[in-house]
Amino acid sequence: MKHIVVKYLVAFSYFLESAHRYQKIKKFFNDLLNNDDYPYKKYFDVFMVLIILSSVTILVIDVKEHVADWLDYYDLYIVTTIFIIEYLLRLWVHDDVHKVIITEYEESQFFEKPFKLTKVFRDIALKKWAYMTSVPAIIDLIAILPSYREIRVLRVFVLFRAFKMLRYSKSLLQFFEILKSKKIELYTLVTLLSFFTLIASVMIYVFEGNGTNPNINGLFDAVYWALVTITTVGYGDITPVTTEGRAVSMLIILTGIGAISFLTSIIVSAFNEKLPEIKETRVMNQIMKKKDLNLVCGYGKIGQLVSKKLQDAGESFLVIESDPVKVEKAELDGFHVLKADATKSDTFLKLKLCQNVKSVICVTHDDIINVFITINARSLCKDVEIIARCSDKSVAKKLKLAGANHLIMPEEIAGLLGAVYIGQPVAFEALQAILTQKRTARIDEVEIKLGSFLDGLDVGDFDFSANRLVLLAVLKRLKSVDKNSHYIIFNPPEETELKAGDILVIMGYSVSIADFKGRLEQSVRFKTRVS
């Protein structure tokens with residue numbers, strides 16, 4: 001009989017291990033209950049907080065007056081059922097029982113020893129017991145008890161339903177995590193306060209507990225007085241009447257003021273230490289919701305200009321900077337900033353480079369750092385667009401070899417503009433107006449989408465001038481492995497064929513360019529609906 005049980009138990013365990021649907025369901029509930037990065041967890045958290053608040057409200061109202069029958073039914077059956085299901089789901093996803101069975105079975109087969117069913121059950125029980133005896137699990141279990149209304153003393157456990165909200169409030173959890181980081185200091189403070197409270201209680205009891213003070217009739221009254229006094233609350237219901245008692249009061253008041261100052265300094269220092277981590281978590285939570293993210297590595301003068309332009313263009317971006325002064329500057333400018341080293345792989349892995357990031361813009365003041373950032377980004381993702389700044393032509397080749405798609409050379413650009421200014425001052429003024437967008441005219445690029453009205457037309461088939469636009473160039477995609485490779489046709493002839501994937505470089509007023517882009521998008525959507 002035992003061999004049959006073992007046979008079916010092992011077979012069922014292997015079935016669960018290979019059952020993709022079972023694994024998917026279990027992962028779903030585990031993410032829903034425990035994974036803060038899971039997008040649907042926040043909705044589950046809000047739902048549970050509302051359930052808890054409604055239940056606590058009903059139980060508090062029911063203390064003096066009986067609530068409506070439907071509210072009683074809701075709390076007794078619906079809320080209790082939700083709490084029980086949540087508790088059982090947490091117990092289920094805590095560990096994998098079938099893996100314990102498989103591990104023991106494979107070890108018994110490998111070492112040619114008998115499969116011990118009792119050992120398996122003991123290991124499973126210990127794993128489940130480890131969860132059941134944890135503080136959050138105990139709170140979850142006790143929170144179910146107030147529903148048994150026949151035993152009214154269990155109503156006191158309604159407080160544990162409020163404690164359940166700790167699971168679903170990140171702010172509260174962060175606060176307790178901050179205090180936990182200072183547990184040694186807090187433990188020392190509590191120990192000292194307990195010691196001084198005990199000494200003061202004994203002293204006031206000795207001096208005034210012999211009938212001198214009618215309000216102190218026992219040691220408990222003395223402890224109560226000492227605790228109220230050392231916390232500087234001072235209700236005034238018990239006051240010393242002897243000189244010795246008043247001397248004890250003065251000492252314990254000074255001790256209480258010092259303890260409160262010490263406690264305040266502990267909490268403030270804990271928050272100061274954890275503040276960067278809290279900021280980083282907040283920034284990451286906001287940024288990870290966005291796709292096609294642009295990473296601006298470095299917040300010097302160039303980084304500030306790039307960030308401002310990205311903001312004006314409505315692009316999602318994150319500034320990565322390791323210098324605390326520049327980090328503070330970016331925060332004051334209102335940008336999302338992460339204090340991190342972009343040359344480290346962990347930074348890009350945390351940001352899910354290949355999934356969420358569209359481009360990496362390396363604009364630090366140091367060419368060598370830009371090379372390292374480029375190597376780091378390219379080694380982690382071969383498809384991400386990398387734009388790097390360099391001031392030396394000798395470094396430009398290294399950046400290309402490292403994987404940069406485009407290079408920015410501010411000094412060379414400044415020199416070319418200076419030459420234009422000397423030789424053609426009017427042209428320089430026009431160019432500067434366009435680049436700085438001091439006029440409404442600007443240069444932009446538009447990609448031809450598959451199915452748009454330009455797809456398959458020649459340049460001469462569309463009247464750009466009638467649409468208040470000037471076509472400067474067409475970037476044609478090369479038929480190569482690199483999807484970002486293009487060749488440029490400046491002032492393209494009218495017979496140049498336009499295809500999906502080509503990029504038009506156009507100049508015009510902002511409103512003309514916006515209208516042109518809108519019509520292109522509309523034509524794509526119209527063709528999609530028709531097809």
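Visitor: What should I know before I start reading?

Guide: It's a predicted model, so to speak: local features need pLDDT of at least 70, side-chain atom pairs count only at pLDDT 80 or more, and totals for chains, interfaces and linings use all residues. Residues are numbered from 1 along each chain as its sequence is written, and side-chain values use heavy atoms, with hydrogens and water left out.

Visitor: How many helices and strands are there in the protein?

Guide: Helices (H or I, at least four residues) and strands (E, at least two) are DSSP runs, numbered from the N terminus. Here you get 21 helices and 10 strands.

Visitor: What share of the residues is buried?

Guide: Buried means under 20% relative accessible area, exposed over 50%, and partly exposed in between (1.4 Å probe, protein chains only). Of the 531 residues in the protein, 36% are buried. Take S359, which sits in strand β4 (residues 357-362): it counts as buried because its relative accessibility is 6%. Contact means heavy atoms within 4.5 Å, and leaving aside residues up to four places away in sequence, S359 touches L293, N294, L295, V384 and E385.

Visitor: How do I check the length of a helix, and where does α4 bend?

Guide: The expected span is 1.5 Å times one less than the number of residues. Helix α4 (residues 69-93) has 25 residues and should span 36 Å; its end C-alpha atoms are 35 Å apart, which agrees. A bend is the angle between axes fitted to the seven residues ending at a residue and the seven starting there; α4 bends by about 30° at D75. Helix α10 (residues 183-208) has 26 residues and reaches 36 Å from its first C-alpha to its last, close to the expected 38 Å.

Visitor: Which helix gives the largest share of the nonpolar patch?

Guide: Patches are made of residues with over 30% relative accessible area and no salt bridge; like charges are joined within 9 Å, nonpolar side chains (Val, Leu, Ile, Met, Phe, Trp, Tyr) within 5 Å. Areas come from the Shrake-Rupley method with a 1.4 Å probe, and for residues only the protein chains shown count as cover. The patch covers about 1000 Å², and its residues include F195, F196, V202 and L219. The largest share, 10 residues, comes from α10. V202 belongs to helix α10 and is partly exposed because its relative accessibility is 38%. Helix α10 also has buried residues, among them L186, L189 and I204.

Visitor: And how many salt bridges does the count come to?

Guide: Side chains of opposite charge can pair when their charged atoms come close. The rule is a side-chain nitrogen of Lys or Arg within 4 Å of a carboxyl oxygen of Asp or Glu, and the count comes to 16. E86 and R90 meet at 3.1 Å, N to O, and both lie in helix α4, four residues apart, about one turn of the helix. E86 is buried at 3%, and R90 is buried at 4%. Then there's K26, D96 and K99, linked in a network of salt bridges.

Visitor: Which backbone angle stands out at N491?

Guide: Look at phi: N491 has a positive value of about 45° although it is not a glycine. Find N491 in the loop between β9 (486-490) and β10 (503-509); N491 is exposed, with a relative accessible area of 63%.
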